[in-house]
Amino acid sequence: MISDKLIKVGMADLNIASNGEVLKTTGLGSCVGLTLYDPRKHLVGMAHVMLPSSSIARENPINLAKYSDTAIPRLIERLLENGASMSALQAKMAGGSQMFTLPGQNDTLRIGPRNVESCLMLLEEYKIPLLAQDTGGNFGRTIEISSDSGILSVRSVQFGTKEL
Amino acid sequence: MANFNRFEAFELDVLKEVGNIGAGNAATALSTLLNKPVDMSVPSVRLMPFEEIAERVGGSEQVVVAVFLRVEGDVPSNMFFIIHEEYAQQLMKQLIPLQHVDDGIYSEMELSVLCEIGNILAGSYLSSLADFTKLSMMPSVPVVAHDMAGAILSYGIMHYGQMGDSALLIETKFIEDCNTIEGQFFLIPDPDSFQKIFQALGVGSP
């Protein structure tokens with residue numbers, strides 16, 4: 001993808017982009033890359049969410065971008081501050097895989113699916129439509145989204161690149 | 001752990017020794033398997049920001065073969081044996097008469113072979129460590145993945161997620177004598193496991 005400017009979103013990080021800029025996050029495993037797009041303003045935001053709930057946080061102060069229940073509200077806030085309108089926001093997401101499955105493993109290790117469930121719940125709460133998702137499975141993904149088109153491209157080792 | 005983000009220098013040295021013992025034995029095991037000398041690096045032990053972790057194996061998108069074992073017992077930990085694709089092929093070539101077609105895809109048989117090699121090496125790493133520390137370390141069955149390093153390693157540091165934005169990794173690298181094969185071990189003790197390690201090695205607070 002040819003782009004004017006690539007903005008990297010790290011792990012447990014979030015950012016927004018406009019004016020043809022592209023947001024990218026690499027190596028999503030159980031983490032979820034959630035994007036929100038305002039097609040009228042060509043304004044896009046991405047969060048690389050690592051854990052489903054801030055209720056388990058033992059850090060202080062907490063990194064808002066890390067937990068889905070704090071990252072999504074913060075991302076919405078950033079987009080609205082920059083001129084997006086709440087009713088225009090559209091969501092896409094990818095990631096949330098289960099990289100390794102061990103026999104008899106407990107629920108805490110099902111982090112990927114739980115991240116996805118938690119993001120879905122939050123989107124519902126904020127009444128943001130989810131246009132597309134590529135989640136689950138047992139493989140890693142790299143994603144990027146263009147602020148021009150809102151197209152989310154998802155790349156994996158096994159399946160190559162697809163656009164959502 | 002209240003002062004988790006402040007390890008004393010001597011504590012890091014103790015963890016380096018942990019890496020030394022484990023990887024030293026694993027390197028010996030590999031040397032026996034290959035019937036060739038195998039060198040290992042001085043272990044690197046550091047509290048590493050999440051972003052930097054995948055850089056240790058060539059970047060978040062670097063495709064690697066990784067064998068993962070979950071360790072239960074006295075010191076719950078995650079253990080990875082990570083090897084780049086080209087080295088994985090070299091390793092297989094030297095050990096088994098499989099004809100690998102270089103199409104970036106591994107057959108089930110090939111992955112199974114790599115998984116077993118990782119299991120042998122990680123097993124010797126852990127058993128030597130358990131012998132030395134008298135701590136019980138029970139590895140799970142090994143699982144193998146051929147995927148992006150970032151996706152793989154992030155799985156092993158989840159327990160650190162709730163505590164901050166960095167994780168402590170005990171990393172050792174081994175290099176086969178003619179530089180045809182190299183690989184890395186990562187032992188990532190759960191945050192609550194460190195005091196047990198320190199106590200077992202006589203430097204913990206009682």
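In chain A, the residues A:Ser68, A:Asp69 and A:Ile72 of helix α1(A) meet A:Asn115, A:Ser118, A:Cys119 and A:Leu122 of helix α2(A), contact being counted where the C-beta atoms of two residues, placed from the backbone, lie within 7 Å. By class, this contact of α1(A) with α2(A) has three nonpolar, three polar and one charged residues, where Ala, Val, Leu, Ile, Met, Phe, Trp, Tyr, Cys and Pro count as nonpolar, Asp, Glu, Lys and Arg as charged, and the others, Gly among them, as polar. The model is a predicted one, in which local features need pLDDT of at least 70 and side-chain atom pairs count only at pLDDT 80 or more, whereas totals for chains, interfaces and linings use all residues. Residues are numbered from 1 along each chain as its sequence is written, and chains are lettered from A and ligands numbered from 1 in the order in which they are written.

Helix α1 (residues 68–81) and helix α2 (residues 111–125) of chain A pack at an angle of about 40°, with their axes 9 Å apart; the axes are lines fitted to C-alpha atoms, for helices over the stretch in contact, and angles run from 0 to 180 degrees between N-to-C directions. The angle makes α1(A) oblique to α2(A), given that angles under 35 degrees count as roughly parallel, over 145 as roughly antiparallel, 65 to 115 as roughly perpendicular and the rest as oblique. The crossing of α1(A) and α2(A) is right-handed, a crossing being left-handed if the near helix is turned anticlockwise from the far one by less than a right angle, and right-handed if clockwise.

Chain A holds two helices and 10 strands, where helices (H or I, at least four residues) and strands (E, at least two) are DSSP runs numbered from the N terminus. From the N terminus on, the elements of chain A follow the order β-β-β-β-β-α-β-α-β-β-β-β. The radius of gyration of chain A is 15 Å, close to the 15 Å that the globule rule gives for 164 residues, so chain A is as compact as a globular protein of that length; the radius is taken over C-alpha atoms, and the rule is 2.2 Å times the number of residues to the power 0.38. The C-alpha atoms of chain A fill a box of roughly 50 × 35 × 25 Å along the principal axes. Of the 164 residues of chain A, 48% count as buried, a residue being buried if 20 or more other C-beta atoms, placed from the backbone, lie within 10 Å of its own, exposed if 12 or fewer, and partly exposed in between. A:Arg110, in the loop between β6 (90–95) and α2 of chain A, is partly exposed, with 15 other C-beta atoms within 10 Å.

Chain B contains seven helices and eight strands. Its radius of gyration is 17 Å, close to the 17 Å given by the globule rule for 206 residues, so chain B is as compact as a globular protein of that length. Buried residues make up 43% of the 206 residues in chain B, and the C-alpha atoms of chain B fill a box of roughly 55 × 30 × 30 Å, taken along the principal axes.

Two helix pairs of chain B involve α4(B). The axes of helix α1 (residues 9–34) and helix α4 (residues 108–133) of chain B come within 8 Å and cross at roughly 135°, which makes α1(B) oblique to α4(B). The crossing of α1(B) and α4(B) is right-handed, and their contact has 12 nonpolar, four polar and no charged residues. By contrast, α3(B) and α4(B) pack at an angle of about 90°, with their axes 11 Å apart, and are therefore roughly perpendicular to each other. In this second pair, B:Ala88, B:Leu91 and B:Met92 of α3(B) meet B:Glu110, B:Val113, B:Leu114 and B:Ile117 of α4(B), a contact with six nonpolar, no polar and one charged residues. B:Ile96, in the loop between α3 (85–95) and α4 of chain B, counts as exposed, with 12 C-beta neighbours inside 10 Å.

The contact between the chains takes 27 residues from chain B and 26 residues from chain A. On the side of chain B that touches chain A, the largest share, six residues, comes from α5(B), and this side has 14 nonpolar, eight polar and five charged residues. Helix α5(B) is mostly covered, with eight of its eight residues buried, among them B:Ile152, B:Leu153 and B:Tyr155.
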